[in-house]
Amino acid sequence: MGGRLFRDFSFFSATLAFFLLIGIFAVLFTYAQESMHTFGFDFLYTEIWEPGEDDEGGIFGGYIPIVGTLMSTLIAMVIATPLAMGIAIFLTEIAHEKIVKPFSVAIELLAAIPSIIYGMWGLFYFAPIVQSLFGGNGVGLLTAGIVLAIMVIPFMAAITRDSMNTTPDVLKESAYAIGATKFEVIKDVIMPYSKGGIIGSIILSLGRALGETMAVAFLVGSVMSVAGRVTDPTTSIPVLLANNFAEAQDLELSSMYFLALILFVVSFIVIASAKIYFLGRKK
Amino acid sequence: MHRLLLNKVVLILSTISALIGIGFLFWILITLSCKGIASIHLETFTKDLVEGGIRNLIVGQFMMALIATAVAVPLGVLAGIYLREYGEGSKFASVTRTLSDVMTSAPSIVIGVFVFALLVDPVGSFNGYAGIVALAIMMLPIIIGTTDNMLALVPKELREAGIALGGSKHKIILQIVLKAAKVGVTTGILLSFARIIGETAPLLFTSANNQFFTMDLGDQFPSLTVSIYNLATYPDAESRELAWAASFILTMIVLLINLAGRYFTRNKH
């Protein structure tokens with residue numbers, strides 16, 4: 001009897017997990033209907049975000065936050081990828097056994113720091129440095145992109161390290177035996193062997209960067225305009241939601257749900273492709 | 001010569017990237033400690049936000065995270081058990097496993113939006129329950145994932161031994177398999193707790209914030225993270241100091257729980 005009950009409870013829990021993602025999609029889709037019907041696909045390339053008079057109607061387009069999200073993510077990935085690869089190579093091939101462990105723990109702690117702390121630190125300590133080096137007023141795409149990079153580096157480095165570690169020693173040793181340098185072993189043996197895992201880690205980090213909210217909210221400037229230069233302030237989908245979602249009404253609120261839906265679907269595609277095609281599934 | 005030079009350059013660049021990574025960790029921790037410790041007084045812990053302290057914020061954050069854990073852990077462990085022990089090989093289990101895996105990286109702000117639509121919009125006001133549900137939703141897929149993976153590490157022979165002794169399936173799972181995976185599952189729970197206790201985005205428009213001490217989950221609910229976001233943007237020096245104090249305390253809590261989780265697994269191996 002107890003066995004039956006236990007089985008049913010665990011089946012119920014698994015069903016809940018199954019419907020969670022579908023439920024989120026359904027709810028966002030439903031609440032975004034008003035905006036979808038009013039603006040259709042024009043929503044994606046309309047640069048205007050203006051409530052109408054007396055809160056009636058208004059024009060809402062997602063172009064500015066969508067471009068801001070993509071640009072800050074792009075900057076983050078350009079900076080994070082080479083550094084994360086370097087860290088992974090250092091941890092698997094260069095570092096002495098004794099320092100690998102503490103170094104790995106330190107990198108993983110960097111990943112554990114809450115994103116709001118990155119935002120706060122970035123605003124008061126990092127933004128002034130970016131300002132003095134590149135001009136602008138400190139907050140903007142570039143600052144957000146760099147701090148976003150610092151946040152995804154440990155994550156990317158950890159997955160890359162794990163997949164580099166799966167390269168069999170025999171393969172590496174045979175390359176060394178014919179006189180290959182360390183770099184050649186990395187380039188011609190380890191990289192090809194762990195290619196899937198490395199690409200997967202980059203795409204997965206990209207997925208994380210797209211949805212990152214708090215650090216970007218502090219640093220991107222939260223201004224509803226397209227950034228002409230990289231140091232200009234702009235906004236992103238998560239930041240717009242964080243700052244304005246709670247006060248929005250009617251069509252504006254529905255447009256916010258529309259943006260949330262776009263972010264959710266894009267993240268889903270990015271993350272799912274990384275997990276299914278590149279990282280494989282753990283047995 | 002060219003090959004050897006290239007080799008040197010790459011190795012040096014890799015070492016430099018590792019130093020940059022560590023450099024940022026120390027830079028953040030040191031500025032946080034200096035600013036944080038300088039801003040902490042005894043009253044910081046004894047007064048609530050209205051009077052310039054963070055007592056209600058710490059209590060609120062822990063209360064929401066702990067209740068969310070109490071909700072998510074049984075559901076997550078049971079779902080993990082189903083995926084590994086009952087559903088193994090079925091289409092439903094493999095699809096659920098993938099969806100849940102994707103959910104672990106889903107944008108946390110979207111979960112806030114989802115819970116707002118379900119639990120705040122219909123009621124008409126922010127409330128602590130909504131914050132708890134948002135945190136539990138963040139935690140659930142992480143716990144399912146670790147339980148699933150840890151159960152997979154338990155050798156098949158243990159289960160077979162249980163069957164040979166005539167144990168029923170659920171007894172084998174609970175008394176043999178889950179016991180063998182205990183350390184891994186506990187560590188997973190601890191690490192996911194460390195993750196949700198530092199979350200801000202899912203709380204912004206679910207529990208929102210409260211300046212006063214409250215235990216009433218039907219009311220707007222105080223939290224460290226949302227307060228840091230609000231305080232840091234105020235222009236006055238006192239608010240900023242309080243934000244640094246709160247940031248320091250929050251980071252210490254998160255890092256200590258993380259280190260504790262790592263310590264557990266280290267003893268095992």
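**Close-ups of a two-chain predicted model**

**View 1. Helices α3(B) and α10(B) cross at roughly 135 degrees, and their axes come within 8 Å.** Axes here are lines fitted to C-alpha atoms, for helices over the stretch in contact, and angles run from 0 to 180 degrees between N-to-C directions. Leu57(B), Ile58(B) and Gln61(B) of α3(B) meet Leu224(B), Thr225(B) and Ser227(B) of α10(B); contact means C-beta atoms, placed from the backbone, within 7 Å. The residues split into 3 nonpolar, 3 polar and no charged (Ala, Val, Leu, Ile, Met, Phe, Trp, Tyr, Cys and Pro are nonpolar; Asp, Glu, Lys and Arg are charged; the others, Gly among them, are polar). Helix α3(B) covers residues 55-86; helices are DSSP runs (H or I, at least four residues), numbered from the N terminus.

This is a predicted model: local features need pLDDT of at least 70 and side-chain atom pairs count only at pLDDT 80 or more, while totals for chains, interfaces and linings use all residues. Residues are numbered from 1 along each chain as its sequence is written, with chains lettered from A and ligands numbered from 1 in the order in which they are written.

**View 2. Helix α10(B), residues 224-233, is largely enclosed by the rest of the structure, because 8 of its 10 residues are buried.** Those are Leu224(B), Thr225(B), Val226(B), Ser227(B), Ile228(B), Tyr229(B), Leu231(B) and Ala232(B). Buried means 20 or more other C-beta atoms within 10 Å of the residue's own, exposed 12 or fewer, and partly exposed in between, with C-beta atoms placed from the backbone.

View 3. On the α3(A) side, look for residues including Leu83(A), Ile87(A) and Phe90(A); on α1(B), Leu11(B), Ser14(B) and Ala18(B) are among the partners. The tally for this contact is 9 nonpolar, 5 polar and no charged.

**View 4. Chain A meets chain B through 68 residues, against 71 from chain B.** Helix α1 of chain A (residues 2-31) supplies the largest share of chain A's side, 18 residues. That side holds 52 nonpolar, 10 polar and 6 charged residues.

Terms used: Contact = placed C-beta atoms within 7 Å. Helix = DSSP H or I, 4+ residues; strand = E, 2+ residues; numbered from the N terminus.
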